[in-house]
Amino acid sequence: MTRRHLQAGAAAVVLALSALGGVSPAQAEDVTIKVLNWQPGGPDYWAALVKAFEAENPGIKVELETVPFDRYPEVQGPYIATKSGPDVMQNNSGLELYDRRSAYIQLPADLVSSAGADLITYSGGCLNFDLNQACYGLPFGYQGNVMYYNKAVLKEAGLDPANPPKTWDEMDAACKAVAAKGKTCLAHGMTGVFPAYWNFPEVARNFLTEDDMRKVLAGEMPWTDPKMKGILEAMASIGKRGWINSNSPSISMLPDGADIFSSGNAAFASTIIADAVNWQAFGAALGDENVGAMRWPVLKTDAPLANSFSGVESAVFGVTSWSGKQDAGLKFVKFIAGKTNGDLLTSIGGGIPLNKNVDQGLFPKSAALEQIREIIKTPTLHVGVLLSGQEADALARGWQEVTLGRISVDDWVARMQVALEESPGKSKD
(Lines give C-alpha, C1' and ligand atoms only; values in the text may rest on other atoms or scores of the structure.)
Protein backbone atom coordinates (compact mmCIF):
# COMPACT_ATOMS: atom_id res chain seq x y z
CA MET A 1 0.00 0.00 0.00
CA THR A 2 1.37 3.42 -0.92
CA ARG A 3 1.96 6.28 1.58
CA ARG A 4 -0.94 8.17 0.02
CA HIS A 5 -3.24 5.19 0.57
CA LEU A 6 -2.06 4.90 4.18
CA GLN A 7 -2.77 8.60 4.80
CA ALA A 8 -6.21 8.34 3.24
CA GLY A 9 -6.96 5.25 5.30
CA ALA A 10 -5.89 6.98 8.51
CA ALA A 11 -8.13 9.94 7.73
CA ALA A 12 -11.03 7.59 7.13
CA VAL A 13 -10.43 5.92 10.50
CA VAL A 14 -10.44 9.30 12.25
CA LEU A 15 -13.74 10.20 10.59
CA ALA A 16 -15.22 6.83 11.50
CA LEU A 17 -14.08 7.10 15.11
CA SER A 18 -15.50 10.63 15.23
CA ALA A 19 -18.88 9.30 14.19
CA LEU A 20 -18.68 6.55 16.80
CA GLY A 21 -17.50 8.91 19.54
CA GLY A 22 -13.90 7.67 19.61
CA VAL A 23 -12.39 10.96 18.35
CA SER A 24 -14.52 14.10 18.40
CA PRO A 25 -14.42 16.63 15.58
CA ALA A 26 -13.40 19.17 18.24
CA GLN A 27 -10.30 17.10 19.05
CA ALA A 28 -9.44 16.92 15.36
CA GLU A 29 -10.22 20.55 14.51
CA ASP A 30 -9.77 22.79 17.55
CA VAL A 31 -10.12 26.49 16.81
CA THR A 32 -8.23 28.98 18.97
CA ILE A 33 -9.56 32.50 19.40
CA LYS A 34 -7.47 35.30 20.79
CA VAL A 35 -9.21 37.60 23.28
CA LEU A 36 -7.77 41.03 24.09
CA ASN A 37 -8.80 42.15 27.58
CA TRP A 38 -7.73 43.93 30.76
CA GLN A 39 -8.94 41.07 32.97
CA PRO A 40 -11.71 42.69 35.02
CA GLY A 41 -12.49 40.50 38.00
CA GLY A 42 -8.95 39.20 38.31
CA PRO A 43 -6.98 36.15 37.11
CA ASP A 44 -8.89 33.53 39.12
CA TYR A 45 -12.18 34.64 37.61
CA TRP A 46 -10.75 34.64 34.10
CA ALA A 47 -9.21 31.20 34.51
CA ALA A 48 -12.64 29.90 35.56
CA LEU A 49 -14.35 31.78 32.72
CA VAL A 50 -12.10 30.27 30.06
CA LYS A 51 -12.44 26.78 31.54
CA ALA A 52 -16.24 27.03 31.63
CA PHE A 53 -16.45 28.43 28.09
CA GLU A 54 -14.23 25.70 26.66
CA ALA A 55 -16.27 23.04 28.48
CA GLU A 56 -19.49 24.41 26.97
CA ASN A 57 -17.90 24.85 23.54
CA PRO A 58 -15.73 21.83 22.76
CA GLY A 59 -13.50 22.52 19.82
CA ILE A 60 -12.91 26.19 20.71
CA LYS A 61 -9.87 27.19 22.73
CA VAL A 62 -9.26 30.66 24.18
CA GLU A 63 -5.93 32.45 24.24
CA LEU A 64 -5.94 35.57 26.41
CA GLU A 65 -3.90 38.68 25.77
CA THR A 66 -4.24 40.64 29.00
CA VAL A 67 -3.15 44.28 29.13
CA PRO A 68 -3.25 46.68 32.12
CA PHE A 69 -6.29 48.95 31.93
CA ASP A 70 -4.31 52.19 31.67
CA ARG A 71 -2.20 50.80 28.78
CA TYR A 72 -5.05 49.23 26.88
CA PRO A 73 -5.57 51.94 24.21
CA GLU A 74 -1.89 51.95 23.23
CA VAL A 75 -1.98 48.18 22.69
CA GLN A 76 -5.36 48.07 21.00
CA GLY A 77 -4.67 51.02 18.70
CA PRO A 78 -2.07 49.32 16.47
CA TYR A 79 -4.32 46.28 16.07
CA ILE A 80 -7.13 48.50 14.84
CA ALA A 81 -4.80 50.48 12.57
CA THR A 82 -3.41 47.32 10.94
CA LYS A 83 -6.71 45.42 11.02
CA SER A 84 -5.01 42.41 12.56
CA GLY A 85 -4.66 40.58 15.85
CA PRO A 86 -7.39 39.49 18.30
CA ASP A 87 -10.63 37.79 17.33
CA VAL A 88 -12.50 39.29 20.29
CA MET A 89 -11.76 42.57 22.05
CA GLN A 90 -12.96 44.26 25.19
CA ASN A 91 -13.95 47.93 25.25
CA ASN A 92 -15.69 50.30 27.60
CA SER A 93 -19.26 50.83 26.53
CA GLY A 94 -20.36 54.17 25.20
CA LEU A 95 -18.39 56.57 23.04
CA GLU A 96 -15.12 54.65 23.35
CA LEU A 97 -16.82 51.71 21.65
CA TYR A 98 -18.65 53.89 19.13
CA ASP A 99 -15.41 55.59 18.07
CA ARG A 100 -13.83 52.18 17.45
CA ARG A 101 -16.81 50.44 15.91
CA SER A 102 -15.05 50.00 12.56
CA ALA A 103 -12.94 47.39 14.36
CA TYR A 104 -16.01 45.29 15.21
CA ILE A 105 -18.69 43.45 13.29
CA GLN A 106 -22.29 44.38 13.92
CA LEU A 107 -23.74 41.67 16.13
CA PRO A 108 -26.54 39.62 14.57
CA ALA A 109 -29.92 40.93 15.71
CA ASP A 110 -31.06 37.51 16.91
CA LEU A 111 -27.97 37.14 19.10
CA VAL A 112 -28.49 40.59 20.60
CA SER A 113 -32.18 40.01 21.31
CA SER A 114 -31.77 36.47 22.71
CA ALA A 115 -28.82 37.34 24.95
CA GLY A 116 -30.25 40.74 25.86
CA ALA A 117 -33.50 39.21 27.08
CA ASP A 118 -31.63 37.91 30.13
CA LEU A 119 -29.75 41.15 30.85
CA ILE A 120 -30.82 44.02 33.07
CA THR A 121 -29.35 46.47 30.56
CA TYR A 122 -27.23 46.17 27.43
CA SER A 123 -27.74 49.33 25.39
CA GLY A 124 -24.17 50.51 26.12
CA GLY A 125 -22.96 48.14 23.41
CA CYS A 126 -25.27 49.70 20.85
CA LEU A 127 -24.77 52.90 18.89
CA ASN A 128 -25.90 55.96 20.87
CA PHE A 129 -27.23 53.74 23.69
CA ASP A 130 -30.10 52.86 21.37
CA LEU A 131 -31.20 49.22 21.07
CA ASN A 132 -32.79 50.01 17.71
CA GLN A 133 -29.39 50.89 16.26
CA ALA A 134 -26.39 48.69 15.48
CA CYS A 135 -24.91 46.80 18.44
CA TYR A 136 -21.22 45.92 18.48
CA GLY A 137 -20.74 44.20 21.82
CA LEU A 138 -22.43 42.51 24.76
CA PRO A 139 -21.75 43.25 28.44
CA PHE A 140 -21.52 40.94 31.43
CA GLY A 141 -21.47 43.14 34.51
CA TYR A 142 -22.77 46.37 35.96
CA GLN A 143 -20.25 49.11 36.62
CA GLY A 144 -20.24 52.54 38.15
CA ASN A 145 -18.72 54.78 40.76
CA VAL A 146 -18.87 54.91 44.53
CA MET A 147 -16.67 56.32 47.25
CA TYR A 148 -15.26 53.82 49.72
CA TYR A 149 -14.36 54.75 53.26
CA ASN A 150 -12.20 53.21 55.96
CA LYS A 151 -14.25 53.05 59.16
CA ALA A 152 -11.15 52.63 61.30
CA VAL A 153 -9.57 55.83 59.95
CA LEU A 154 -12.81 57.79 60.44
CA LYS A 155 -13.05 56.55 64.01
CA GLU A 156 -9.41 57.47 64.65
CA ALA A 157 -10.19 60.99 63.39
CA GLY A 158 -13.12 61.32 65.80
CA LEU A 159 -15.74 60.87 63.09
CA ASP A 160 -18.79 58.60 63.10
CA PRO A 161 -18.14 55.60 60.79
CA ALA A 162 -21.89 54.97 60.61
CA ASN A 163 -22.49 58.46 59.16
CA PRO A 164 -19.90 59.34 56.50
CA PRO A 165 -20.04 62.80 54.86
CA LYS A 166 -23.10 63.48 52.69
CA THR A 167 -22.26 67.00 51.44
CA TRP A 168 -19.11 68.79 50.31
CA ASP A 169 -19.17 70.91 53.47
CA GLU A 170 -19.25 67.76 55.59
CA MET A 171 -16.44 66.32 53.47
CA ASP A 172 -14.37 69.46 54.13
CA ALA A 173 -14.79 69.00 57.86
CA ALA A 174 -13.98 65.29 57.67
CA CYS A 175 -10.85 65.93 55.61
CA LYS A 176 -9.56 68.45 58.13
CA ALA A 177 -10.06 65.91 60.93
CA VAL A 178 -8.31 63.15 58.96
CA ALA A 179 -5.41 65.43 58.00
CA ALA A 180 -4.94 66.30 61.68
CA LYS A 181 -4.15 62.62 62.22
CA GLY A 182 -1.48 62.71 59.51
CA LYS A 183 -3.41 60.72 56.91
CA THR A 184 -4.70 61.41 53.42
CA CYS A 185 -8.38 62.21 53.21
CA LEU A 186 -9.18 61.13 49.62
CA ALA A 187 -6.69 58.74 48.00
CA HIS A 188 -6.35 59.97 44.46
CA GLY A 189 -4.49 59.78 41.15
CA MET A 190 -5.00 61.96 38.06
CA THR A 191 -3.04 60.33 35.24
CA GLY A 192 -4.67 58.23 32.54
CA VAL A 193 -8.39 57.83 31.89
CA PHE A 194 -9.48 57.46 35.51
CA PRO A 195 -10.54 61.11 36.03
CA ALA A 196 -12.96 60.83 33.11
CA TYR A 197 -14.56 57.61 34.26
CA TRP A 198 -14.30 57.73 38.06
CA ASN A 199 -14.39 61.39 39.15
CA PHE A 200 -15.89 63.59 36.46
CA PRO A 201 -19.31 61.82 36.51
CA GLU A 202 -19.64 62.25 40.27
CA VAL A 203 -19.11 65.99 40.07
CA ALA A 204 -21.14 66.33 36.88
CA ARG A 205 -24.28 64.90 38.52
CA ASN A 206 -24.47 68.13 40.50
CA PHE A 207 -24.76 70.19 37.32
CA LEU A 208 -26.27 68.12 34.51
CA THR A 209 -29.64 66.55 33.78
CA GLU A 210 -30.00 63.36 31.74
CA ASP A 211 -30.99 65.50 28.75
CA ASP A 212 -27.75 67.44 29.21
CA MET A 213 -25.84 64.16 29.25
CA ARG A 214 -27.46 63.12 25.98
CA LYS A 215 -26.22 66.41 24.54
CA VAL A 216 -22.70 65.61 25.80
CA LEU A 217 -22.89 62.33 23.89
CA ALA A 218 -24.08 64.09 20.73
CA GLY A 219 -21.44 66.81 20.95
CA GLU A 220 -24.13 69.45 21.48
CA MET A 221 -23.01 70.57 24.95
CA PRO A 222 -20.06 72.95 24.57
CA TRP A 223 -17.52 73.10 27.36
CA THR A 224 -18.07 76.85 27.44
CA ASP A 225 -21.59 76.23 28.74
CA PRO A 226 -21.81 77.47 32.37
CA LYS A 227 -22.79 73.98 33.54
CA MET A 228 -19.72 72.36 32.00
CA LYS A 229 -17.44 75.10 33.25
CA GLY A 230 -19.00 74.69 36.70
CA ILE A 231 -18.00 71.02 36.71
CA LEU A 232 -14.38 71.87 35.94
CA GLU A 233 -14.33 74.61 38.60
CA ALA A 234 -15.60 72.13 41.18
CA MET A 235 -13.03 69.53 40.16
CA ALA A 236 -10.26 72.12 40.36
CA SER A 237 -11.36 73.04 43.88
CA ILE A 238 -10.77 69.52 45.21
CA GLY A 239 -7.01 70.07 45.25
CA LYS A 240 -7.37 73.53 46.77
CA ARG A 241 -9.58 72.13 49.51
CA GLY A 242 -6.78 69.76 50.53
CA TRP A 243 -8.82 66.61 50.11
CA ILE A 244 -6.25 64.70 48.05
CA ASN A 245 -2.66 63.51 48.35
CA SER A 246 -0.10 66.05 47.11
CA ASN A 247 1.33 63.67 44.50
CA SER A 248 -2.07 63.07 42.92
CA PRO A 249 -1.22 64.90 39.65
CA SER A 250 1.75 62.60 39.03
CA ILE A 251 0.28 59.19 39.86
CA SER A 252 -2.39 56.94 38.45
CA MET A 253 -5.40 55.91 40.48
CA LEU A 254 -4.64 52.29 39.64
CA PRO A 255 -2.60 51.01 41.28
CA ASP A 256 -0.99 53.94 43.08
CA GLY A 257 -4.01 55.85 44.39
CA ALA A 258 -5.84 52.69 45.32
CA ASP A 259 -2.75 51.44 47.17
CA ILE A 260 -2.82 54.51 49.43
CA PHE A 261 -6.31 53.54 50.54
CA SER A 262 -5.77 49.78 50.75
CA SER A 263 -2.68 50.35 52.91
CA GLY A 264 -4.83 52.08 55.52
CA ASN A 265 -3.33 55.52 54.92
CA ALA A 266 -6.46 57.25 53.61
CA ALA A 267 -10.02 57.72 54.79
CA PHE A 268 -11.71 57.65 51.37
CA ALA A 269 -11.15 56.41 47.82
CA SER A 270 -13.24 57.11 44.74
CA THR A 271 -13.26 53.98 42.61
CA ILE A 272 -15.76 51.51 41.16
CA ILE A 273 -18.31 48.95 42.32
CA ALA A 274 -16.80 45.96 40.56
CA ASP A 275 -13.60 44.38 39.26
CA ALA A 276 -10.17 44.96 40.81
CA VAL A 277 -10.41 48.12 42.94
CA ASN A 278 -13.66 47.34 44.67
CA TRP A 279 -15.24 46.38 47.98
CA GLN A 280 -13.79 42.86 47.77
CA ALA A 281 -10.20 43.96 47.18
CA PHE A 282 -10.37 46.59 49.89
CA GLY A 283 -12.05 44.17 52.28
CA ALA A 284 -9.24 41.69 51.77
CA ALA A 285 -6.66 44.40 52.51
CA LEU A 286 -8.35 46.25 55.36
CA GLY A 287 -10.83 43.73 56.76
CA ASP A 288 -14.44 43.64 55.60
CA GLU A 289 -15.54 45.16 58.88
CA ASN A 290 -13.57 48.33 58.11
CA VAL A 291 -14.84 49.02 54.58
CA GLY A 292 -17.95 51.03 53.74
CA ALA A 293 -19.39 52.31 50.46
CA MET A 294 -21.21 55.59 49.80
CA ARG A 295 -22.13 57.99 47.03
CA TRP A 296 -19.87 60.96 46.47
CA PRO A 297 -20.89 63.80 48.79
CA VAL A 298 -23.38 66.20 47.23
CA LEU A 299 -22.24 69.64 46.12
CA LYS A 300 -25.67 70.96 45.15
CA THR A 301 -28.35 69.39 47.31
CA ASP A 302 -31.16 70.45 44.96
CA ALA A 303 -29.56 69.02 41.81
CA PRO A 304 -31.97 66.51 40.18
CA LEU A 305 -29.31 63.78 39.87
CA ALA A 306 -27.24 64.58 42.96
CA ASN A 307 -28.33 61.43 44.79
CA SER A 308 -28.24 59.12 41.79
CA PHE A 309 -25.78 56.38 40.86
CA SER A 310 -23.60 56.82 37.77
CA GLY A 311 -24.18 53.38 36.34
CA VAL A 312 -23.24 51.75 33.06
CA GLU A 313 -22.69 48.36 31.59
CA SER A 314 -19.14 47.37 32.38
CA ALA A 315 -16.93 46.58 29.44
CA VAL A 316 -18.51 44.94 26.42
CA PHE A 317 -16.97 42.26 24.22
CA GLY A 318 -17.23 42.26 20.45
CA VAL A 319 -15.87 40.30 17.49
CA THR A 320 -13.24 41.97 15.33
CA SER A 321 -14.02 42.79 11.73
CA TRP A 322 -10.80 41.17 10.52
CA SER A 323 -11.18 37.88 12.41
CA GLY A 324 -11.31 34.69 10.37
CA LYS A 325 -13.01 32.94 13.29
CA GLN A 326 -16.07 35.11 13.74
CA ASP A 327 -18.48 32.24 14.46
CA ALA A 328 -16.31 31.09 17.38
CA GLY A 329 -15.94 34.71 18.51
CA LEU A 330 -19.70 35.18 18.54
CA LYS A 331 -20.07 32.12 20.76
CA PHE A 332 -17.62 33.69 23.22
CA VAL A 333 -19.49 37.00 23.20
CA LYS A 334 -22.77 35.18 23.85
CA PHE A 335 -21.17 33.22 26.71
CA ILE A 336 -19.87 36.45 28.26
CA ALA A 337 -23.47 37.66 28.64
CA GLY A 338 -24.85 34.34 29.85
CA LYS A 339 -25.83 32.92 33.24
CA THR A 340 -22.78 30.69 33.63
CA ASN A 341 -20.45 33.64 33.38
CA GLY A 342 -22.78 35.73 35.54
CA ASP A 343 -22.52 33.15 38.31
CA LEU A 344 -18.72 33.13 38.00
CA LEU A 345 -18.54 36.92 38.12
CA THR A 346 -20.71 36.91 41.24
CA SER A 347 -18.88 34.17 43.12
CA ILE A 348 -15.27 34.71 42.01
CA GLY A 349 -14.86 38.05 40.25
CA GLY A 350 -16.42 40.32 42.85
CA GLY A 351 -18.63 41.85 40.19
CA ILE A 352 -22.25 42.87 39.91
CA PRO A 353 -23.67 40.73 37.07
CA LEU A 354 -26.20 41.97 34.56
CA ASN A 355 -27.72 38.57 33.89
CA LYS A 356 -31.11 38.35 35.62
CA ASN A 357 -30.86 34.61 36.22
CA VAL A 358 -27.75 34.48 38.39
CA ASP A 359 -27.93 32.59 41.65
CA GLN A 360 -28.56 35.25 44.31
CA GLY A 361 -27.10 32.95 46.94
CA LEU A 362 -23.68 33.34 45.32
CA PHE A 363 -23.28 36.97 46.37
CA PRO A 364 -20.59 37.18 49.07
CA LYS A 365 -21.49 38.42 52.51
CA SER A 366 -20.19 41.98 52.79
CA ALA A 367 -21.59 45.10 54.43
CA ALA A 368 -20.04 47.28 51.70
CA LEU A 369 -21.60 45.13 48.99
CA GLU A 370 -25.00 45.47 50.64
CA GLN A 371 -24.55 49.25 50.64
CA ILE A 372 -23.63 49.13 46.95
CA ARG A 373 -26.68 47.05 46.05
CA GLU A 374 -28.83 49.78 47.61
CA ILE A 375 -26.94 52.62 45.91
CA ILE A 376 -27.39 51.14 42.42
CA LYS A 377 -31.17 51.11 42.75
CA THR A 378 -31.33 54.78 41.66
CA PRO A 379 -29.21 54.87 38.47
CA THR A 380 -28.62 57.63 35.98
CA LEU A 381 -26.45 57.84 32.88
CA HIS A 382 -22.69 57.56 33.34
CA VAL A 383 -21.54 60.74 31.63
CA GLY A 384 -17.89 59.66 31.74
CA VAL A 385 -18.37 57.07 29.00
CA LEU A 386 -20.03 59.75 26.87
CA LEU A 387 -16.74 61.63 26.53
CA SER A 388 -14.56 61.09 23.48
CA GLY A 389 -11.00 59.90 23.81
CA GLN A 390 -9.81 63.43 23.05
CA GLU A 391 -12.01 64.86 25.81
CA ALA A 392 -10.97 62.21 28.34
CA ASP A 393 -7.31 62.92 27.67
CA ALA A 394 -7.75 66.70 27.90
CA LEU A 395 -9.74 66.28 31.10
CA ALA A 396 -6.97 64.36 32.85
CA ARG A 397 -4.14 66.58 31.59
CA GLY A 398 -6.05 69.74 32.41
CA TRP A 399 -6.85 68.58 35.94
CA GLN A 400 -3.18 67.85 36.54
CA GLU A 401 -2.08 71.28 35.36
CA VAL A 402 -4.83 73.18 37.16
CA THR A 403 -3.99 71.40 40.39
CA LEU A 404 -0.30 72.25 39.94
CA GLY A 405 -1.21 75.90 39.28
CA ARG A 406 0.12 75.89 35.72
CA ILE A 407 -3.13 76.85 33.97
CA SER A 408 -6.41 78.48 34.94
CA VAL A 409 -9.85 76.93 34.77
CA ASP A 410 -10.57 79.18 31.76
CA ASP A 411 -7.53 77.67 30.03
CA TRP A 412 -8.85 74.21 30.88
CA VAL A 413 -12.27 75.06 29.45
CA ALA A 414 -10.65 76.23 26.21
CA ARG A 415 -8.66 73.01 25.92
CA MET A 416 -11.76 70.92 26.51
CA GLN A 417 -13.62 72.80 23.80
CA VAL A 418 -10.80 72.15 21.34
CA ALA A 419 -10.85 68.47 22.29
CA LEU A 420 -14.60 68.35 21.66
CA GLU A 421 -14.21 69.96 18.25
CA GLU A 422 -11.45 67.47 17.37
CA SER A 423 -13.51 64.44 18.39
CA PRO A 424 -14.38 62.44 15.24
CA GLY A 425 -17.43 60.80 16.82
CA LYS A 426 -18.87 64.20 17.73
CA SER A 427 -17.80 66.21 14.73
CA LYS A 428 -20.57 68.05 12.91
CA ASP A 429 -18.46 68.54 9.78
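**Helix packing and selected residues**

Tutor: Leaving aside residues up to four places away in sequence, G116 touches L111 and Y122. The model is a predicted one. G116 belongs to helix α6, which covers residues 109–116. With a relative accessible area of 4%, G116 is buried, since the cut-off for that class is under 20%. Along the chain G116 and K166 are 50 residues apart, and their C-alpha atoms are separated by 36 Å.

G230 is found in helix α11, residues 226–240. Its relative accessible area is 8%, so G230 is buried as well. G230 is 64 residues from K166 in sequence, and the C-alpha to C-alpha distance between G230 and K166 is 20 Å.

Helix α9 (residues 194–204) packs against α11 at an angle of about 120 degrees, and the two axes are 9 Å apart. On the α9 side the contact is made by F200, V203 and A204, and on the α11 side by I231, A234 and M235. By class, the residues of the contact of α9 with α11 are six nonpolar, no polar and no charged.

Helix α3 spans residues 43–56 and helix α14 spans residues 326–336; they pack at an angle of about 120 degrees, with axes 11 Å apart. At that angle α3 is therefore oblique to α14. The crossing in which α3 passes α14 is right-handed. From α3, the residues W46, L49, A52, F53 and E56 take part, and they meet A328, K331, F332, F335 and I336 of α14. The contact of α3 with α14 divides into eight nonpolar residues, no polar ones and two charged ones.

S323 is placed between β10 (316–319) and α14. S323 has a relative accessibility of 8% and therefore counts as buried. The side chain of S323 reaches the backbone nitrogen of K325 at 2.9 Å.

Helix α3 also packs against α15. Here the angle is about 160 degrees and the axes are 10 Å apart. Because that angle is over 145 degrees, α3 counts as roughly antiparallel to α15. The crossing of α3 past α15 is right-handed. In α3 the residues are D44, Y45, A48, L49, A52 and E56, and they meet T340, N341, L344, L345, I348 and G349 in α15. This contact of α3 with α15 divides into seven nonpolar, three polar and two charged residues. L49, A52 and E56 of α3 are listed both in the contact with α14 and in the contact with α15.

Helix α15 itself covers residues 339–349, and its buried residues are N341, G342, D343, L344, L345, T346 and G349. Among the elements that cover those buried residues are α3, β5 (141–150), α13 (279–286), α14 and β11 (352–353). Just after α15 comes G350, with a positive phi of about 65 degrees.

Two residues other than glycine also have positive phi. Q39 has a phi of about 55 degrees although it is not a glycine. Q39 sits in the loop between β1 (31–37) and α3. K83 lies in the loop between α4 (72–82) and β3 (88–91). The relative accessible area of K83 is 55%, so K83 is exposed.

The peptide bond from L254 to P255 is cis, with omega near 10 degrees. P255 lies in α12, which covers residues 253–262.

Key: Residues are numbered from 1 along each chain as its sequence is written. This is a predicted model: local features need pLDDT of at least 70, side-chain atom pairs count only at pLDDT 80 or more; totals for chains, interfaces and linings use all residues. Side-chain values use heavy atoms; hydrogens and water are left out. Axes are lines fitted to C-alpha atoms, for helices over the stretch in contact, and angles run from 0 to 180 degrees between N-to-C directions. Helices (H or I, at least four residues) and strands (E, at least two) are DSSP runs, numbered from the N terminus. Angles under 35 degrees count as roughly parallel, over 145 as roughly antiparallel, 65 to 115 as roughly perpendicular and the rest as oblique. A crossing is left-handed if the near helix is turned anticlockwise from the far one by less than a right angle, and right-handed if clockwise. Contact means heavy atoms within 4.5 Å. Ala, Val, Leu, Ile, Met, Phe, Trp, Tyr, Cys and Pro count as nonpolar, Asp, Glu, Lys and Arg as charged, and the others, Gly among them, as polar. Buried means under 20% relative accessible area, exposed over 50%, partly exposed in between (1.4 Å probe, protein chains only). A polar contact is a pair of N or O atoms within 3.5 Å; within protein, one must be able to donate a hydrogen and the other to accept it, and residues adjacent in sequence count only if both atoms are side-chain atoms.
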